[in-house]
Amino acid sequence: MSLTDSTIHDLGYRRYDGEREGARGAFRALFWQGFRALFGVGRPIKTKAVPVFVSVVTMLPALASVAASGATQGQLPITYANVIGAQALLFLLFSAAQAPEMLCRDQHHRVLPLLFTRDVTRTHYALARLLALFTAMFLVALAPLLILYIGEIGVSKDPGATFAKMGNKLGPVLLFATLLAWVMSTVSAFLSSLTARRAYATAAVIGGFLGTVVISQGLQDLAGMSEAATKMLDPIETLRTTAMQLFGESTRWMELTPPPPVWVHVTELAALGLVAAAALVWRVRRVSV
């Protein structure tokens, strides 16, 4: 081919002339893209099935509880822990189904090399994805609690006086939503980062949480450990007990076998989340790209 036969094609590429936001902008972009993906925003309808299902189903018992209390003029009290504790498996379903949507897809489609060639470090990537999952879980967990909180004020005979008395309940509402989101998001994110297959990751998350239930029950039945001690090995049951303590409610077994103070459970849940978050960062730093 002679030099006169060559042709230059204009493909329309242009240099980026805007502001370069650096690592901070990359972190925000990773967080926002991950948060949108968790709720299926901008994606096919089937990706919205789990987040919509969990969000709606977890709010229905709260609405029913408020309606029942209003119909009985407050004679049927609103029990926060009983309502939110019964939804623990639904929150687990959300984290087990949606955490792999971010972490597994990035590995499966091999986009990590593209991300890590820019200002995004592996630690920044892990923390941005974790923050997105935590924020989504926090909002999903907070919604039914806020319905109960606002509903309890609304159905009372004197909403103004009830609001003044219930100021101390807002703290437990925010704290429990934070603890639930922290534990489930960190553990789910770490387990999801171990594989590029979403089905395997979902099974690992569900199996990891439910496996602690089996271990806890086995130690109680076979080793003769106390119920209060074995329940602390089960994160889901620990969350339920913590909710009971935060909202001043109780069950029969708590009366027969008093659990440790609430600060012990809060510390345990916070520590579990910290370990899982550190494990996630460790895993991302070593993942092959």
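Visitor: Okay, axes are lines fitted to C-alpha atoms, for helices over the stretch in contact, and angles run from 0 to 180 degrees between N-to-C directions. At what angle do helix 1 and helix 6 pack, then?

Guide: Helix 1, residues 22–38, packs on helix 6 at about 40°, and 8 Å separates their axes. Bear in mind that this is a predicted model, where local features need pLDDT of at least 70, side-chain atom pairs count only at pLDDT 80 or more, and totals for chains, interfaces and linings use all residues. Residues are numbered from 1 along each chain as its sequence is written, and side-chain values use heavy atoms, without hydrogens and water.

Visitor: Good. How many helices and strands are there?

Guide: The protein chain has 13 helices and 0 strands. Helices (H or I, at least four residues) and strands (E, at least two) are DSSP runs, numbered from the N terminus. Following the sequence of the protein chain, you read α-α-α-α-α-α-α-α-α-α-α-α-α.

Visitor: What box do the C-alpha atoms fill?

Guide: Roughly 95 × 50 × 30 Å, with the box taken along the principal axes.

Visitor: And what share of the residues is buried?

Guide: Of the 289 residues in the protein chain, 44% are buried. Buried means under 20% relative accessible area, exposed over 50%, and partly exposed in between (1.4 Å probe, protein chains only).

Visitor: Switching to charges: how many salt bridges does the structure hold?

Guide: The structure holds 5 of them, each being a side-chain nitrogen of Lys or Arg within 4 Å of a carboxyl oxygen of Asp or Glu. One of them pairs the side chains of Arg 43 and Glu 101, at 2.6 Å from N to O. This pair links distant parts of the chain, 58 residues apart: Arg 43 sits in the loop between helix 1 and helix 2, and Glu 101 sits in helix 4.

Visitor: Is Glu 101 buried or exposed?

Guide: Buried, because its relative accessible area is 13%.

Visitor: Nice. And what does Glu 152 pair with?

Guide: Glu 152 forms a salt bridge with Lys 169, where the closest N and O atoms are 3.3 Å apart. Here Glu 152 belongs to helix 6 and Lys 169 to the loop between helix 7 and helix 8 (170–192). The two are 17 residues apart, and the pair links distant parts of the chain.

Visitor: On to backbone angles: what is phi of Arg 110?

Guide: Near 55°, which is a positive value in a residue other than glycine. Arg 110 lies in the loop between helix 4 (88–108) and helix 5 (112–116). With a relative accessible area of 66%, Arg 110 is exposed.

Visitor: One more. Where is Lys 157?

Guide: Lys 157 is in the loop that runs between helix 6 (122–154) and helix 7 (159–165). Lys 157 counts as exposed because its relative accessibility is 77%.
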